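Trainee: I would like to learn how to read helix packing, cores and backbone angles from a set of coordinates. Can we work through one case?

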Amino acid sequence: MTLPALLHASPLLFAVLAGVLGLMVGSFLNVVIHRLPVMLEREWQAQCAELSGKPLEAQPRYNLMVPGSACPHCGHKITALENIPVISYLLLRGKCRGCGAAISARYPIVEALTGVLSAAAAWHFGFGMPALGSLLLLWALIALTFIDVDTQLLPDAITLPLLWLGLMFAFGGAFTDLRSAVIGAIAGYLALWSVYWLFKLATGKEGMGYGDFKLLAALGAWLGWQMLPLIILLSAVVGAVVGIGLMVAARHGRNVPIPFGPYLAGGGLIALTWGHDITRSYLQFAFAQ
């Protein structure tokens, strides 16, 4: 029996392998979450220097691969054995092997979250193109979520390729047809773009960033325009609940911005997994009244 046939015949094996792969991808996502905003900032600085005609001081090479991972406190180089997802953190008891400084719990959380959600997606969709697409979408949304929480940025380096990938998967009808995907991309962007300008004209303030428009456009490309109302509703409800909770429990001021990207990502994942079931249940309930 070939490997694809084995994975197709054994959903549990496929889910376990996807979970292990998710753990490794989660380790890489930690690098993306930390380094991509720094890379973008350096790129913006270089562009500003070029426009102003002022020379920019040379900086060491910095990208997703170079330099190697190291402790920010003592510079201890992270070895391969110290970089095993989740396990290394537990064995090191959450401390740097070189200086004993605490390692942020964010790293194993991202790894474990990616692993668990990857296994769940593989189990839900089974071996095939929808599972591959769901994994790629899931990983991108996790990276965008944590970058937005840290910096309130949704980088074009992720959102735009994600949009094109959604259209590509629509060619094969993985989640929706190509026509619905194209309409979804257009409607997703224009929906939040319209809200942005209505809010700005009414209050003189910017209620969200352009990255949110692009993320919803990408979700529309992946899932089709039919899922956009559900995604917007879910993200708005969760965002409102969390925002009110932060203001009440943590005295989070009204003027302190709250990133909307994580709620769009959450709404998108719910719609990806249960969107059709939720929509069907709602229609049956509505027409039964």
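Mentor: Keep in mind that the model is predicted. Where shall we begin?

Trainee: With helix pairs. At what angle do helix H6 and helix H7 pack, and how far apart are their axes?

Mentor: Two packed helices are described by the angle between their axes and the distance between the axes. Here H6 covers residues 156-171 and H7 covers residues 178-203. Their angle is about 160 degrees, and the axes lie 8 Å apart. An angle over 145 degrees counts as roughly antiparallel, so H6 and H7 are roughly antiparallel to each other. The crossing of H6 past H7 is right-handed.

Trainee: Which residues of H6 and H7 meet?

Mentor: From H6 there are Leu 167, Ala 170 and Phe 171, and from H7 there are Leu 178, Ala 181 and Val 182. By class, the contact of H6 with H7 has six nonpolar residues, no polar ones and no charged ones.

Trainee: How do H5 and H8 cross?

Mentor: Their axes come within 12 Å and cross at roughly 170 degrees. H5 and H8 are therefore roughly antiparallel to each other. H5 contributes Gly 133, Leu 137, Leu 141 and Leu 144 to the contact, and H8 contributes Leu 215, Leu 219 and Trp 222. Six residues of the contact of H5 with H8 are nonpolar, one is polar and none is charged.

Trainee: And what are the angle and the axis distance for H2 and H4?

Mentor: H2 and H4 pack at about 145 degrees, with 6 Å between their axes. H2 passes H4 in a right-handed crossing. The contact of H2 with H4 holds 15 nonpolar, eight polar and two charged residues.

Trainee: Next, the interior. How should I think about a nonpolar core?

Mentor: In soluble globular proteins, nonpolar side chains tend to be buried together. In this model the largest nonpolar core has 52 residues. The residues with the most contacts inside this core are Leu 141, Ile 158, Leu 162, Leu 215 and Leu 223.

Trainee: Which helices each supply at least two residues of this core?

Mentor: They are H2, H4 (106-125), H5 (129-151), H6, H7, H8 (210-223), H9 (228-249) and H10 (261-288). H5 gives the largest share, 11 residues. Apart from this core lies another, of six residues, including Leu 7, Phe 14, Ala 15 and Ala 18.

Trainee: Can we take single residues now? What does Leu 223 touch?

Mentor: Leaving out residues up to four places away in sequence, Leu 223 touches Phe 175, Thr 176, Ile 231, Gly 268, Ala 271 and Leu 272.

Trainee: Thr 176 is on that list. Is Thr 176 buried or exposed?

Mentor: The cut-off for buried is under 20% relative accessible area. Thr 176 has 10%, so Thr 176 is buried. Thr 176 lies in the loop between H6 and H7. With neighbours within four places in sequence set aside, Thr 176 is in contact with Ala 170, Ala 181, Ala 221, Trp 222, Leu 223, Gly 224 and Gln 226.

Trainee: What about Met 39: where is Met 39 found?

Mentor: Met 39 is found in H2, residues 11-52. Its relative accessible area is 23%, so Met 39 is partly exposed. Not counting residues up to four places away in sequence, Met 39 touches Tyr 62, Asn 63 and Leu 64. Met 39 and Tyr 62 are 23 residues apart along the chain, and their C-alpha atoms are separated by 7.1 Å.

Trainee: Last, the backbone. What should I look for?

Mentor: Most residues other than glycine have a negative phi, and most peptide bonds are trans. Val 86 is not a glycine, yet has a positive phi of about 65 degrees. Val 86 lies in the loop between H2 and H3 and is partly exposed, at 23% relative accessible area. Gln 152 also has a positive phi, near 60 degrees. The loop between H5 and H6 holds Gln 152, which counts as partly exposed at 40% relative accessibility.

Trainee: Which residues does a cis peptide bond join?

Mentor: Val 66 and Pro 67, with omega about -5 degrees. Pro 67 is placed in the loop between H2 and H3 (87-91).

Note on methods
Residues numbered from 1 in each chain as written. Predicted model: local features only at pLDDT ≥ 70, side-chain atom pairs only at ≥ 80, totals over all residues. Heavy atoms only, no water. Axes fitted to C-alpha atoms, helices over the stretch in contact; angles between N-to-C directions. Helix = DSSP H or I, 4+ residues; strand = E, 2+ residues; numbered from the N terminus. Parallel < 35°, antiparallel > 145°, perpendicular 65-115°, else oblique. Left-handed = near helix turned anticlockwise from the far one by under 90°. Contact = heavy atoms within 4.5 Å. Nonpolar A, V, L, I, M, F, W, Y, C, P; charged D, E, K, R; others polar. Buried < 20%, exposed > 50% of the residue type's maximum accessible area, 1.4 Å probe, protein only. Core = buried A, V, L, I, M, F, W, Y, C linked by side-chain atoms within 4.5 Å.
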